[in-house]
Amino acid sequence: MTLATATPKRPRPAERRTSAKDEERRLLDHGAWFLVLPALIPILVLSVGPLLYGIALAFTDAQSGRTEPTQWIGTLNFQDLLHDTLFWDSFRIGLLWAVGVTVPQFLLALGLALLLNQRLRLRWLARALAIIPWAMPEVVVGIMWRLVYNPDAGILNETLRDLGLGDGRDWLSGLATALPAVMVVGVWAGMPQTTVALLAGLQNTPRELHEAAAMDGAGAWRRFRTVTWPAIRPIALAISALNLIWNFNSFALVYVLTNGGPGGRTRLPMLFAYEEAFRYGQFGYAAAMGCVMVAVISVLLALHLVGRLRRGGDA
Amino acid sequence: MRTSGAARTGQYVALLAYLVFLAFPFLWLVSTAFKPARELGSLHPTWIPENPTLANFRQAFDEQPLLDAALNSLVAALGAAVVAVLIATPMAYVMARHRTTLSRMATGWVVVSQAFPFVLVIIPLFLVLKNLRLINSVPGLIMVYVVWALPFALWMLVGYVRAVPAELEEAAAVDGAGKLRTLVSVTAPLLAPGIVATALFAFITAWNEFFFALVLLKTPEKQTLPVVLTHFIGAEGVADLGPLAAAAFLATLPSLVVFAVIQKRITGGMLAGAVKS
(Lines give C-alpha, C1' and ligand atoms only; values in the text may rest on other atoms or scores of the structure.)
Protein backbone atom coordinates (compact mmCIF):
# COMPACT_ATOMS: atom_id res chain seq x y z
CA MET A 1 0.00 0.00 0.00
CA THR A 2 2.88 2.36 0.72
CA LEU A 3 4.11 1.71 -2.81
CA ALA A 4 0.75 2.67 -4.27
CA THR A 5 0.63 5.98 -2.48
CA ALA A 6 4.15 6.77 -3.62
CA THR A 7 3.31 6.57 -7.33
CA PRO A 8 2.11 10.10 -8.13
CA LYS A 9 5.49 11.52 -7.15
CA ARG A 10 7.10 10.60 -10.44
CA PRO A 11 5.06 12.08 -13.28
CA ARG A 12 6.21 11.46 -16.81
CA PRO A 13 5.75 13.42 -20.03
CA ALA A 14 2.33 12.66 -21.44
CA GLU A 15 3.51 11.59 -24.90
CA ARG A 16 6.10 9.23 -23.52
CA ARG A 17 3.53 7.67 -21.27
CA THR A 18 1.10 6.76 -24.07
CA SER A 19 3.80 5.39 -26.30
CA ALA A 20 5.23 3.44 -23.40
CA LYS A 21 1.76 2.14 -22.65
CA ASP A 22 1.29 0.94 -26.23
CA GLU A 23 4.74 -0.61 -26.13
CA GLU A 24 3.89 -2.34 -22.90
CA ARG A 25 0.60 -3.61 -24.26
CA ARG A 26 2.33 -5.08 -27.30
CA LEU A 27 5.01 -6.61 -25.13
CA LEU A 28 2.36 -7.95 -22.85
CA ASP A 29 0.50 -9.56 -25.68
CA HIS A 30 3.67 -11.39 -26.61
CA GLY A 31 4.45 -12.06 -22.98
CA ALA A 32 0.93 -13.25 -22.35
CA TRP A 33 1.19 -15.87 -25.05
CA PHE A 34 4.45 -17.02 -23.61
CA LEU A 35 2.84 -17.28 -20.17
CA VAL A 36 -0.23 -19.10 -21.42
CA LEU A 37 1.37 -21.70 -23.68
CA PRO A 38 2.74 -24.03 -20.97
CA ALA A 39 -0.81 -24.68 -19.78
CA LEU A 40 -2.56 -24.27 -23.12
CA ILE A 41 -0.61 -26.99 -24.94
CA PRO A 42 -1.35 -29.76 -22.40
CA ILE A 43 -4.97 -28.66 -22.23
CA LEU A 44 -5.34 -28.87 -26.01
CA VAL A 45 -3.37 -32.12 -26.37
CA LEU A 46 -4.68 -34.02 -23.37
CA SER A 47 -8.14 -32.60 -22.77
CA VAL A 48 -9.76 -30.81 -25.69
CA GLY A 49 -8.13 -33.12 -28.25
CA PRO A 50 -9.22 -36.35 -26.57
CA LEU A 51 -12.70 -34.94 -26.07
CA LEU A 52 -13.09 -34.29 -29.81
CA TYR A 53 -11.42 -37.63 -30.60
CA GLY A 54 -13.87 -39.27 -28.20
CA ILE A 55 -16.84 -37.71 -29.97
CA ALA A 56 -15.42 -38.89 -33.30
CA LEU A 57 -14.94 -42.42 -31.91
CA ALA A 58 -18.66 -42.56 -31.14
CA PHE A 59 -19.26 -42.69 -34.91
CA THR A 60 -16.84 -45.58 -35.50
CA ASP A 61 -16.76 -49.28 -34.75
CA ALA A 62 -13.53 -48.92 -32.73
CA GLN A 63 -12.73 -51.91 -30.53
CA SER A 64 -9.70 -52.74 -28.45
CA GLY A 65 -7.26 -55.34 -29.76
CA ARG A 66 -8.91 -55.75 -33.15
CA THR A 67 -6.77 -56.34 -36.22
CA GLU A 68 -8.95 -54.99 -39.06
CA PRO A 69 -9.05 -51.19 -39.40
CA THR A 70 -11.62 -49.07 -37.61
CA GLN A 71 -14.43 -47.81 -39.85
CA TRP A 72 -16.92 -44.97 -39.80
CA ILE A 73 -20.36 -46.36 -39.15
CA GLY A 74 -22.36 -43.15 -38.89
CA THR A 75 -24.98 -43.14 -36.17
CA LEU A 76 -25.15 -46.92 -35.82
CA ASN A 77 -23.83 -46.83 -32.24
CA PHE A 78 -26.50 -44.34 -31.26
CA GLN A 79 -29.20 -46.43 -32.92
CA ASP A 80 -28.01 -49.46 -30.97
CA LEU A 81 -28.00 -47.40 -27.79
CA LEU A 82 -31.63 -46.44 -28.36
CA HIS A 83 -32.55 -50.11 -28.17
CA ASP A 84 -30.16 -51.05 -25.39
CA THR A 85 -32.52 -51.47 -22.44
CA LEU A 86 -29.60 -52.11 -20.08
CA PHE A 87 -28.18 -48.72 -20.96
CA TRP A 88 -31.48 -46.94 -20.38
CA ASP A 89 -31.86 -48.78 -17.08
CA SER A 90 -28.47 -47.51 -16.02
CA PHE A 91 -29.42 -44.08 -17.27
CA ARG A 92 -32.56 -44.01 -15.21
CA ILE A 93 -30.57 -45.17 -12.18
CA GLY A 94 -28.01 -42.46 -12.90
CA LEU A 95 -30.64 -39.70 -12.92
CA LEU A 96 -32.35 -41.10 -9.84
CA TRP A 97 -28.99 -41.27 -8.11
CA ALA A 98 -27.92 -37.76 -9.15
CA VAL A 99 -31.13 -36.12 -7.94
CA GLY A 100 -31.56 -38.46 -4.97
CA VAL A 101 -28.08 -37.64 -3.72
CA THR A 102 -27.87 -33.96 -4.63
CA VAL A 103 -31.13 -32.85 -3.00
CA PRO A 104 -30.64 -34.40 0.47
CA GLN A 105 -26.97 -33.48 0.27
CA PHE A 106 -27.89 -29.86 -0.24
CA LEU A 107 -30.61 -29.73 2.43
CA LEU A 108 -28.43 -31.43 5.04
CA ALA A 109 -25.49 -29.23 4.14
CA LEU A 110 -27.62 -26.11 4.43
CA GLY A 111 -28.82 -27.19 7.86
CA LEU A 112 -25.30 -27.88 9.05
CA ALA A 113 -23.97 -24.63 7.61
CA LEU A 114 -26.69 -22.66 9.41
CA LEU A 115 -25.83 -24.45 12.66
CA LEU A 116 -22.13 -23.87 12.24
CA ASN A 117 -22.81 -20.20 11.67
CA GLN A 118 -24.34 -19.97 15.17
CA ARG A 119 -22.24 -19.50 18.26
CA LEU A 120 -22.55 -23.07 19.47
CA ARG A 121 -20.19 -25.18 21.52
CA LEU A 122 -18.70 -28.14 19.68
CA ARG A 123 -18.98 -26.42 16.35
CA TRP A 124 -15.19 -26.62 16.00
CA LEU A 125 -15.57 -30.39 16.21
CA ALA A 126 -18.25 -30.43 13.53
CA ARG A 127 -16.03 -28.32 11.29
CA ALA A 128 -13.11 -30.66 11.82
CA LEU A 129 -15.28 -33.69 11.12
CA ALA A 130 -16.70 -32.10 8.01
CA ILE A 131 -13.21 -32.21 6.54
CA ILE A 132 -12.91 -35.99 6.83
CA PRO A 133 -15.30 -37.11 4.09
CA TRP A 134 -14.03 -34.41 1.78
CA ALA A 135 -10.38 -35.33 2.16
CA MET A 136 -10.85 -39.09 1.96
CA PRO A 137 -10.16 -41.02 -1.22
CA GLU A 138 -13.51 -42.18 -2.61
CA VAL A 139 -12.21 -45.73 -2.60
CA VAL A 140 -11.64 -45.51 1.16
CA VAL A 141 -15.10 -44.00 1.67
CA GLY A 142 -16.52 -46.99 -0.18
CA ILE A 143 -14.49 -49.48 1.83
CA MET A 144 -15.40 -47.76 5.09
CA TRP A 145 -19.13 -47.97 4.40
CA ARG A 146 -18.82 -51.58 3.33
CA LEU A 147 -17.53 -52.18 6.84
CA VAL A 148 -20.49 -50.25 8.29
CA TYR A 149 -23.01 -52.13 6.13
CA ASN A 150 -21.40 -55.54 6.65
CA PRO A 151 -24.30 -57.90 7.44
CA ASP A 152 -22.57 -59.67 10.37
CA ALA A 153 -19.64 -57.61 11.60
CA GLY A 154 -21.01 -54.18 10.65
CA ILE A 155 -22.06 -51.52 13.13
CA LEU A 156 -25.33 -50.69 11.39
CA ASN A 157 -26.94 -54.08 11.88
CA GLU A 158 -25.52 -54.36 15.39
CA THR A 159 -27.10 -51.01 16.29
CA LEU A 160 -30.42 -52.10 14.79
CA ARG A 161 -30.24 -55.34 16.79
CA ASP A 162 -29.49 -53.37 19.96
CA LEU A 163 -32.45 -51.10 19.33
CA GLY A 164 -34.65 -54.14 18.75
CA LEU A 165 -35.33 -53.13 15.15
CA GLY A 166 -35.07 -56.59 13.65
CA ASP A 167 -32.13 -58.74 12.77
CA GLY A 168 -30.71 -56.41 10.13
CA ARG A 169 -29.97 -57.40 6.57
CA ASP A 170 -27.40 -57.38 3.84
CA TRP A 171 -28.05 -53.83 2.72
CA LEU A 172 -25.70 -53.73 -0.25
CA SER A 173 -26.89 -56.96 -1.85
CA GLY A 174 -30.64 -56.53 -1.34
CA LEU A 175 -32.42 -55.64 -4.59
CA ALA A 176 -34.54 -53.00 -2.86
CA THR A 177 -31.97 -51.67 -0.40
CA ALA A 178 -28.80 -51.46 -2.51
CA LEU A 179 -29.49 -48.16 -4.29
CA PRO A 180 -30.76 -46.29 -1.19
CA ALA A 181 -27.83 -47.67 0.82
CA VAL A 182 -25.36 -46.41 -1.76
CA MET A 183 -27.15 -43.06 -1.93
CA VAL A 184 -26.67 -42.55 1.79
CA VAL A 185 -22.94 -42.95 1.21
CA GLY A 186 -23.09 -40.48 -1.66
CA VAL A 187 -24.81 -37.92 0.57
CA TRP A 188 -22.29 -38.50 3.35
CA ALA A 189 -19.32 -38.15 1.03
CA GLY A 190 -20.44 -34.95 -0.70
CA MET A 191 -22.23 -33.11 2.08
CA PRO A 192 -19.19 -31.51 3.76
CA GLN A 193 -17.95 -29.81 0.61
CA THR A 194 -21.35 -28.23 0.11
CA THR A 195 -21.50 -27.28 3.79
CA VAL A 196 -18.17 -25.50 3.64
CA ALA A 197 -19.16 -23.57 0.53
CA LEU A 198 -22.49 -22.50 2.05
CA LEU A 199 -20.85 -21.61 5.33
CA ALA A 200 -18.39 -19.37 3.53
CA GLY A 201 -21.34 -17.62 1.93
CA LEU A 202 -23.13 -17.26 5.26
CA GLN A 203 -20.10 -15.71 6.86
CA ASN A 204 -20.04 -13.03 4.19
CA THR A 205 -23.60 -12.03 5.12
CA PRO A 206 -23.61 -8.99 7.36
CA ARG A 207 -24.92 -9.86 10.81
CA GLU A 208 -26.52 -6.42 11.11
CA LEU A 209 -29.05 -7.33 8.43
CA HIS A 210 -30.23 -10.21 10.59
CA GLU A 211 -30.42 -8.07 13.64
CA ALA A 212 -32.38 -5.39 11.83
CA ALA A 213 -34.82 -7.99 10.53
CA ALA A 214 -35.19 -9.47 14.03
CA MET A 215 -35.88 -5.99 15.43
CA ASP A 216 -38.61 -5.59 12.85
CA GLY A 217 -40.17 -8.70 14.32
CA ALA A 218 -39.32 -11.16 11.55
CA GLY A 219 -39.43 -14.81 12.63
CA ALA A 220 -36.67 -17.31 11.92
CA TRP A 221 -38.21 -18.52 8.65
CA ARG A 222 -38.84 -15.00 7.42
CA ARG A 223 -35.31 -13.95 8.27
CA PHE A 224 -34.01 -16.95 6.36
CA ARG A 225 -36.14 -16.14 3.32
CA THR A 226 -35.53 -12.43 3.17
CA VAL A 227 -31.96 -12.11 4.42
CA THR A 228 -30.02 -15.37 4.47
CA TRP A 229 -31.19 -17.06 1.28
CA PRO A 230 -30.73 -14.06 -1.05
CA ALA A 231 -27.19 -13.71 0.28
CA ILE A 232 -26.14 -17.30 -0.30
CA ARG A 233 -28.21 -18.02 -3.39
CA PRO A 234 -25.42 -17.60 -5.98
CA ILE A 235 -23.21 -20.05 -4.11
CA ALA A 236 -26.09 -22.41 -3.44
CA LEU A 237 -27.01 -22.57 -7.13
CA ALA A 238 -23.43 -22.98 -8.30
CA ILE A 239 -22.56 -25.72 -5.85
CA SER A 240 -25.78 -27.66 -6.42
CA ALA A 241 -25.29 -27.52 -10.19
CA LEU A 242 -21.77 -28.88 -9.79
CA ASN A 243 -22.97 -31.54 -7.37
CA LEU A 244 -25.62 -32.66 -9.81
CA ILE A 245 -23.00 -33.13 -12.52
CA TRP A 246 -20.42 -34.72 -10.27
CA ASN A 247 -22.96 -37.12 -8.86
CA PHE A 248 -24.25 -38.10 -12.29
CA ASN A 249 -20.66 -38.84 -13.34
CA SER A 250 -19.60 -40.67 -10.20
CA PHE A 251 -17.82 -43.97 -10.41
CA ALA A 252 -15.41 -44.94 -7.63
CA LEU A 253 -17.91 -45.05 -4.75
CA VAL A 254 -20.28 -47.43 -6.47
CA TYR A 255 -17.46 -49.45 -8.02
CA VAL A 256 -16.18 -50.22 -4.54
CA LEU A 257 -19.52 -50.56 -2.74
CA THR A 258 -21.52 -52.78 -5.12
CA ASN A 259 -19.74 -52.81 -8.48
CA GLY A 260 -23.12 -52.10 -10.02
CA GLY A 261 -24.88 -55.03 -8.37
CA PRO A 262 -27.17 -56.57 -7.30
CA GLY A 263 -28.62 -57.37 -10.70
CA GLY A 264 -27.57 -53.99 -12.10
CA ARG A 265 -29.61 -52.06 -9.54
CA THR A 266 -26.74 -49.67 -8.84
CA ARG A 267 -25.09 -49.73 -12.26
CA LEU A 268 -24.56 -46.02 -12.87
CA PRO A 269 -23.91 -44.87 -16.46
CA MET A 270 -20.18 -44.37 -15.82
CA LEU A 271 -19.91 -47.93 -14.54
CA PHE A 272 -21.77 -49.24 -17.55
CA ALA A 273 -19.60 -47.31 -19.98
CA TYR A 274 -16.43 -48.39 -18.16
CA GLU A 275 -17.38 -52.06 -18.45
CA GLU A 276 -18.35 -51.66 -22.10
CA ALA A 277 -15.02 -49.98 -22.91
CA PHE A 278 -12.50 -51.77 -20.76
CA ARG A 279 -14.02 -55.17 -20.11
CA TYR A 280 -15.65 -55.80 -23.49
CA GLY A 281 -13.38 -53.49 -25.50
CA GLN A 282 -16.29 -51.69 -27.23
CA PHE A 283 -14.58 -48.30 -27.52
CA GLY A 284 -16.91 -46.81 -30.14
CA TYR A 285 -20.04 -47.90 -28.33
CA ALA A 286 -18.79 -46.64 -24.96
CA ALA A 287 -17.84 -43.31 -26.55
CA ALA A 288 -21.40 -43.01 -27.85
CA MET A 289 -22.61 -43.51 -24.27
CA GLY A 290 -20.28 -40.73 -23.19
CA CYS A 291 -21.80 -38.44 -25.81
CA VAL A 292 -25.31 -39.16 -24.60
CA MET A 293 -24.17 -38.43 -21.05
CA VAL A 294 -22.73 -35.08 -22.12
CA ALA A 295 -26.01 -34.26 -23.83
CA VAL A 296 -28.00 -35.07 -20.71
CA ILE A 297 -25.68 -33.09 -18.49
CA SER A 298 -26.08 -30.11 -20.81
CA VAL A 299 -29.86 -30.42 -20.53
CA LEU A 300 -29.66 -30.66 -16.73
CA LEU A 301 -27.46 -27.58 -16.66
CA ALA A 302 -29.77 -25.71 -18.99
CA LEU A 303 -32.77 -26.55 -16.79
CA HIS A 304 -30.83 -25.36 -13.79
CA LEU A 305 -29.98 -22.10 -15.51
CA VAL A 306 -33.60 -21.60 -16.60
CA GLY A 307 -34.71 -22.11 -13.01
CA ARG A 308 -32.12 -19.58 -11.98
CA LEU A 309 -33.38 -17.02 -14.45
CA ARG A 310 -37.03 -17.63 -13.70
CA ARG A 311 -36.48 -16.95 -10.05
CA GLY A 312 -35.61 -13.54 -11.38
CA GLY A 313 -31.98 -13.03 -10.57
CA ASP A 314 -28.88 -11.88 -12.27
CA ALA A 315 -26.96 -14.41 -10.17
CA MET B 1 -29.54 -11.64 18.70
CA ARG B 2 -31.47 -13.56 21.34
CA THR B 3 -32.29 -17.17 20.82
CA SER B 4 -34.87 -18.82 23.02
CA GLY B 5 -33.83 -21.70 25.24
CA ALA B 6 -35.94 -24.23 23.35
CA ALA B 7 -34.45 -23.17 20.03
CA ARG B 8 -30.95 -23.45 21.49
CA THR B 9 -31.66 -26.96 22.71
CA GLY B 10 -33.01 -27.87 19.29
CA GLN B 11 -29.85 -26.55 17.71
CA TYR B 12 -27.66 -28.65 19.97
CA VAL B 13 -29.69 -31.78 19.30
CA ALA B 14 -29.34 -31.18 15.57
CA LEU B 15 -25.62 -30.52 15.90
CA LEU B 16 -25.12 -33.74 17.83
CA ALA B 17 -27.01 -35.67 15.18
CA TYR B 18 -24.69 -34.24 12.53
CA LEU B 19 -21.63 -35.07 14.63
CA VAL B 20 -22.75 -38.70 14.93
CA PHE B 21 -23.58 -38.99 11.23
CA LEU B 22 -20.25 -37.48 10.18
CA ALA B 23 -18.07 -39.35 12.62
CA PHE B 24 -19.42 -42.86 12.99
CA PRO B 25 -18.26 -44.42 9.70
CA PHE B 26 -14.73 -43.16 10.28
CA LEU B 27 -14.68 -44.32 13.90
CA TRP B 28 -15.90 -47.71 12.74
CA LEU B 29 -13.10 -47.90 10.17
CA VAL B 30 -10.51 -47.16 12.85
CA SER B 31 -12.10 -49.61 15.26
CA THR B 32 -12.16 -52.38 12.64
CA ALA B 33 -8.54 -51.75 11.71
CA PHE B 34 -7.37 -52.52 15.25
CA LYS B 35 -9.53 -55.58 15.92
CA PRO B 36 -8.10 -59.09 16.00
CA ALA B 37 -9.64 -61.64 13.62
CA ARG B 38 -11.59 -63.32 16.43
CA GLU B 39 -13.49 -60.13 17.29
CA LEU B 40 -14.17 -59.40 13.61
CA GLY B 41 -15.84 -62.80 13.32
CA SER B 42 -18.08 -62.11 16.30
CA LEU B 43 -21.76 -61.69 15.62
CA HIS B 44 -21.96 -58.90 18.17
CA PRO B 45 -19.27 -56.41 17.18
CA THR B 46 -18.20 -53.78 19.69
CA TRP B 47 -17.11 -50.17 19.18
CA ILE B 48 -13.90 -50.54 21.17
CA PRO B 49 -11.61 -53.46 20.29
CA GLU B 50 -11.28 -55.65 23.39
CA ASN B 51 -7.81 -56.81 22.40
CA PRO B 52 -6.46 -54.12 20.08
CA THR B 53 -3.80 -55.39 17.70
CA LEU B 54 -1.55 -54.24 14.88
CA ALA B 55 -1.77 -57.63 13.18
CA ASN B 56 -4.11 -56.28 10.50
CA PHE B 57 -1.54 -53.74 9.42
CA ARG B 58 1.17 -56.41 9.17
CA GLN B 59 -1.15 -58.69 7.23
CA ALA B 60 -2.17 -55.85 4.91
CA PHE B 61 1.46 -55.24 3.97
CA ASP B 62 1.99 -58.99 3.47
CA GLU B 63 -1.02 -59.44 1.22
CA GLN B 64 -0.62 -56.47 -1.11
CA PRO B 65 2.34 -54.34 -2.28
CA LEU B 66 1.21 -51.38 -0.18
CA LEU B 67 4.62 -49.75 0.08
CA ASP B 68 5.16 -49.78 -3.68
CA ALA B 69 1.64 -48.51 -4.16
CA ALA B 70 2.17 -45.68 -1.69
CA LEU B 71 5.39 -44.76 -3.45
CA ASN B 72 3.63 -44.74 -6.84
CA SER B 73 0.87 -42.59 -5.40
CA LEU B 74 3.41 -40.21 -3.91
CA VAL B 75 5.32 -39.82 -7.19
CA ALA B 76 2.12 -39.36 -9.19
CA ALA B 77 0.65 -36.84 -6.76
CA LEU B 78 3.87 -34.84 -6.29
CA GLY B 79 4.55 -34.80 -10.02
CA ALA B 80 1.01 -33.70 -10.80
CA ALA B 81 1.03 -30.99 -8.12
CA VAL B 82 4.38 -29.48 -9.10
CA VAL B 83 3.79 -29.51 -12.86
CA ALA B 84 0.20 -28.33 -12.58
CA VAL B 85 1.14 -25.32 -10.47
CA LEU B 86 4.18 -24.46 -12.60
CA ILE B 87 2.14 -24.23 -15.76
CA ALA B 88 -1.11 -22.96 -14.24
CA THR B 89 0.31 -19.98 -12.36
CA PRO B 90 1.43 -17.96 -15.43
CA MET B 91 -1.84 -18.70 -17.20
CA ALA B 92 -3.89 -17.79 -14.16
CA TYR B 93 -1.97 -14.54 -13.98
CA VAL B 94 -2.89 -13.66 -17.55
CA MET B 95 -6.50 -14.70 -16.98
CA ALA B 96 -6.81 -12.53 -13.89
CA ARG B 97 -5.10 -9.43 -15.25
CA HIS B 98 -6.14 -9.36 -18.91
CA ARG B 99 -9.64 -9.86 -20.16
CA THR B 100 -8.67 -11.17 -23.55
CA THR B 101 -10.60 -13.62 -25.72
CA LEU B 102 -8.13 -16.25 -24.63
CA SER B 103 -8.77 -15.81 -20.94
CA ARG B 104 -12.52 -15.83 -21.52
CA MET B 105 -12.17 -19.09 -23.43
CA ALA B 106 -10.00 -20.53 -20.68
CA THR B 107 -12.62 -19.62 -18.09
CA GLY B 108 -15.25 -21.31 -20.23
CA TRP B 109 -13.09 -24.42 -20.45
CA VAL B 110 -12.66 -24.48 -16.67
CA VAL B 111 -16.43 -24.59 -16.24
CA VAL B 112 -17.13 -27.03 -19.07
CA SER B 113 -14.37 -29.42 -18.01
CA GLN B 114 -16.21 -30.00 -14.75
CA ALA B 115 -18.99 -31.60 -16.74
CA PHE B 116 -16.94 -34.11 -18.79
CA PRO B 117 -17.93 -37.67 -18.22
CA PHE B 118 -14.41 -39.04 -17.87
CA VAL B 119 -15.25 -42.03 -20.02
CA LEU B 120 -15.45 -39.81 -23.08
CA VAL B 121 -11.91 -38.55 -22.43
CA ILE B 122 -10.33 -41.73 -21.13
CA ILE B 123 -10.91 -43.92 -24.20
CA PRO B 124 -9.04 -41.59 -26.57
CA LEU B 125 -6.40 -40.91 -23.90
CA PHE B 126 -5.95 -44.64 -23.48
CA LEU B 127 -5.37 -45.01 -27.23
CA VAL B 128 -3.00 -42.03 -27.38
CA LEU B 129 -0.98 -43.06 -24.33
CA LYS B 130 -0.84 -46.60 -25.67
CA ASN B 131 0.73 -45.35 -28.89
CA LEU B 132 3.21 -43.30 -26.87
CA ARG B 133 3.95 -46.43 -24.79
CA LEU B 134 2.87 -44.53 -21.67
CA ILE B 135 0.19 -46.98 -20.59
CA ASN B 136 0.99 -48.68 -17.31
CA SER B 137 3.49 -45.98 -16.39
CA VAL B 138 3.40 -43.41 -13.63
CA PRO B 139 4.66 -40.59 -15.94
CA GLY B 140 1.70 -41.25 -18.24
CA LEU B 141 -0.60 -40.99 -15.26
CA ILE B 142 1.05 -37.74 -14.18
CA MET B 143 0.31 -36.22 -17.59
CA VAL B 144 -3.34 -37.07 -17.19
CA TYR B 145 -3.48 -35.81 -13.61
CA VAL B 146 -1.89 -32.50 -14.54
CA VAL B 147 -4.59 -31.73 -17.07
CA TRP B 148 -7.23 -33.07 -14.75
CA ALA B 149 -6.06 -30.83 -11.88
CA LEU B 150 -5.66 -27.76 -14.09
CA PRO B 151 -9.23 -26.41 -14.09
CA PHE B 152 -9.47 -26.19 -10.34
CA ALA B 153 -5.88 -25.01 -10.00
CA LEU B 154 -6.59 -22.19 -12.46
CA TRP B 155 -9.82 -21.38 -10.68
CA MET B 156 -8.10 -21.07 -7.32
CA LEU B 157 -5.06 -19.22 -8.67
CA VAL B 158 -7.08 -16.64 -10.59
CA GLY B 159 -8.74 -15.77 -7.29
CA TYR B 160 -5.39 -15.42 -5.56
CA VAL B 161 -3.96 -13.23 -8.33
CA ARG B 162 -7.02 -10.95 -8.18
CA ALA B 163 -6.40 -10.57 -4.45
CA VAL B 164 -3.00 -9.01 -5.21
CA PRO B 165 -3.75 -5.34 -5.94
CA ALA B 166 -2.77 -4.41 -9.49
CA GLU B 167 -1.72 -0.99 -8.15
CA LEU B 168 1.28 -2.61 -6.50
CA GLU B 169 2.49 -3.84 -9.88
CA GLU B 170 1.80 -0.51 -11.54
CA ALA B 171 3.72 1.23 -8.80
CA ALA B 172 6.70 -1.05 -9.33
CA ALA B 173 6.52 -0.41 -13.08
CA VAL B 174 6.47 3.34 -12.55
CA ASP B 175 9.45 2.97 -10.25
CA GLY B 176 11.24 1.49 -13.23
CA ALA B 177 11.01 -2.22 -12.58
CA GLY B 178 10.61 -4.37 -15.69
CA LYS B 179 7.63 -6.67 -16.15
CA LEU B 180 9.59 -9.75 -15.16
CA ARG B 181 11.19 -8.06 -12.20
CA THR B 182 7.76 -6.87 -11.01
CA LEU B 183 6.39 -10.39 -11.29
CA VAL B 184 9.29 -11.96 -9.45
CA SER B 185 9.83 -9.45 -6.68
CA VAL B 186 6.34 -7.99 -6.13
CA THR B 187 3.68 -10.43 -7.28
CA ALA B 188 5.25 -13.82 -6.63
CA PRO B 189 5.91 -13.35 -2.89
CA LEU B 190 2.30 -12.24 -2.33
CA LEU B 191 1.03 -15.17 -4.37
CA ALA B 192 3.20 -17.78 -2.68
CA PRO B 193 0.72 -18.92 -0.01
CA GLY B 194 -1.99 -19.32 -2.65
CA ILE B 195 0.37 -21.27 -4.89
CA VAL B 196 1.27 -23.61 -2.04
CA ALA B 197 -2.40 -24.17 -1.20
CA THR B 198 -3.18 -24.90 -4.84
CA ALA B 199 -0.28 -27.36 -5.11
CA LEU B 200 -1.42 -29.18 -1.97
CA PHE B 201 -4.94 -29.38 -3.32
CA ALA B 202 -3.69 -30.81 -6.61
CA PHE B 203 -1.63 -33.28 -4.56
CA ILE B 204 -4.64 -34.58 -2.66
CA THR B 205 -6.80 -34.79 -5.76
CA ALA B 206 -4.17 -36.93 -7.44
CA TRP B 207 -3.46 -38.98 -4.31
CA ASN B 208 -7.17 -39.84 -4.04
CA GLU B 209 -7.88 -40.36 -7.75
CA PHE B 210 -9.14 -43.75 -8.81
CA PHE B 211 -10.74 -43.93 -12.26
CA PHE B 212 -7.80 -42.93 -14.44
CA ALA B 213 -5.42 -45.02 -12.36
CA LEU B 214 -7.70 -48.04 -12.68
CA VAL B 215 -7.81 -47.75 -16.46
CA LEU B 216 -4.21 -46.76 -17.16
CA LEU B 217 -2.22 -48.92 -14.72
CA LYS B 218 -2.29 -52.62 -15.47
CA THR B 219 0.35 -54.39 -13.38
CA PRO B 220 0.25 -54.46 -9.57
CA GLU B 221 3.76 -53.04 -9.14
CA LYS B 222 2.77 -49.90 -11.10
CA GLN B 223 -0.60 -49.30 -9.43
CA THR B 224 -1.43 -46.50 -7.03
CA LEU B 225 -2.83 -46.91 -3.54
CA PRO B 226 -6.57 -46.57 -4.32
CA VAL B 227 -6.32 -49.24 -7.03
CA VAL B 228 -4.35 -51.63 -4.81
CA LEU B 229 -6.91 -51.11 -2.03
CA THR B 230 -9.64 -52.56 -4.24
CA HIS B 231 -7.61 -55.80 -4.52
CA PHE B 232 -8.44 -56.43 -0.86
CA ILE B 233 -12.05 -56.81 -1.94
CA GLY B 234 -12.07 -60.16 -3.69
CA ALA B 235 -13.84 -60.85 -6.96
CA GLU B 236 -16.82 -62.23 -5.06
CA GLY B 237 -16.96 -59.21 -2.81
CA VAL B 238 -15.66 -61.25 0.09
CA ALA B 239 -13.12 -59.21 1.96
CA ASP B 240 -10.69 -59.79 4.74
CA LEU B 241 -12.15 -57.03 6.89
CA GLY B 242 -9.22 -56.36 9.22
CA PRO B 243 -6.44 -55.82 6.67
CA LEU B 244 -8.90 -53.99 4.41
CA ALA B 245 -9.68 -51.51 7.16
CA ALA B 246 -6.03 -51.17 8.15
CA ALA B 247 -4.90 -50.41 4.60
CA ALA B 248 -7.79 -48.01 4.00
CA PHE B 249 -7.01 -46.17 7.23
CA LEU B 250 -3.35 -45.74 6.27
CA ALA B 251 -4.24 -44.50 2.78
CA THR B 252 -6.37 -41.73 4.26
CA LEU B 253 -3.87 -40.27 6.70
CA PRO B 254 -1.76 -38.20 4.27
CA SER B 255 -4.75 -36.47 2.68
CA LEU B 256 -6.34 -35.81 6.06
CA VAL B 257 -3.19 -34.11 7.31
CA VAL B 258 -2.68 -32.04 4.16
CA PHE B 259 -6.34 -31.14 3.99
CA ALA B 260 -6.45 -29.98 7.59
CA VAL B 261 -3.66 -27.56 6.73
CA ILE B 262 -5.20 -26.02 3.63
CA GLN B 263 -8.93 -26.36 4.22
CA LYS B 264 -9.49 -22.66 4.92
CA ARG B 265 -7.71 -21.58 1.75
CA ILE B 266 -9.63 -24.01 -0.42
CA THR B 267 -12.85 -22.64 0.94
CA GLY B 268 -11.75 -19.17 -0.05
CA GLY B 269 -10.79 -20.31 -3.55
CA MET B 270 -14.04 -22.16 -3.98
CA LEU B 271 -16.04 -19.19 -2.83
CA ALA B 272 -14.28 -16.83 -5.20
CA GLY B 273 -14.89 -19.23 -8.07
CA ALA B 274 -18.51 -19.89 -7.21
CA VAL B 275 -19.38 -16.24 -7.01
CA LYS B 276 -17.54 -15.15 -10.12
CA SER B 277 -18.44 -17.96 -12.48
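How many salt bridges are counted between chain A and chain B? The count is 0 salt bridges, where a salt bridge is a side-chain nitrogen of Lys or Arg within 4 Å of a carboxyl oxygen of Asp or Glu. The structure is a predicted model, in which local features need pLDDT of at least 70 and side-chain atom pairs count only at pLDDT 80 or more, while totals for chains, interfaces and linings use all residues. Residues are numbered from 1 along each chain as its sequence is written, chains are lettered from A and ligands numbered from 1 in the order in which they are written, and side-chain values use heavy atoms, with hydrogens and water left out.

Chain A contains 13 helices and 0 strands, assigned as DSSP runs (helices H or I, at least four residues; strands E, at least two) and numbered from the N terminus. Of its 315 residues, 51% are buried, that is, under 20% relative accessible area (1.4 Å probe, protein chains only).

At the interface, 102 residues of chain A are in contact with 87 residues of chain B, contact meaning heavy atoms within 4.5 Å. The buried area between the two chains is about 8800 Å², with 81% given by carbon and sulfur atoms; this quantity is the accessible area (1.4 Å probe) that two parts lose on being put together, summed over both. On the side of chain A, Leu46(A), Leu147(A) and Phe278(A) lose the most area to chain B, together 7% of what that side buries. Helix H2 (residues 14–57) of chain A supplies the largest share of the side touching chain B, 19 residues.

Definitions and conventions
Buried < 20%, exposed > 50% of the residue type's maximum accessible area, 1.4 Å probe, protein only.
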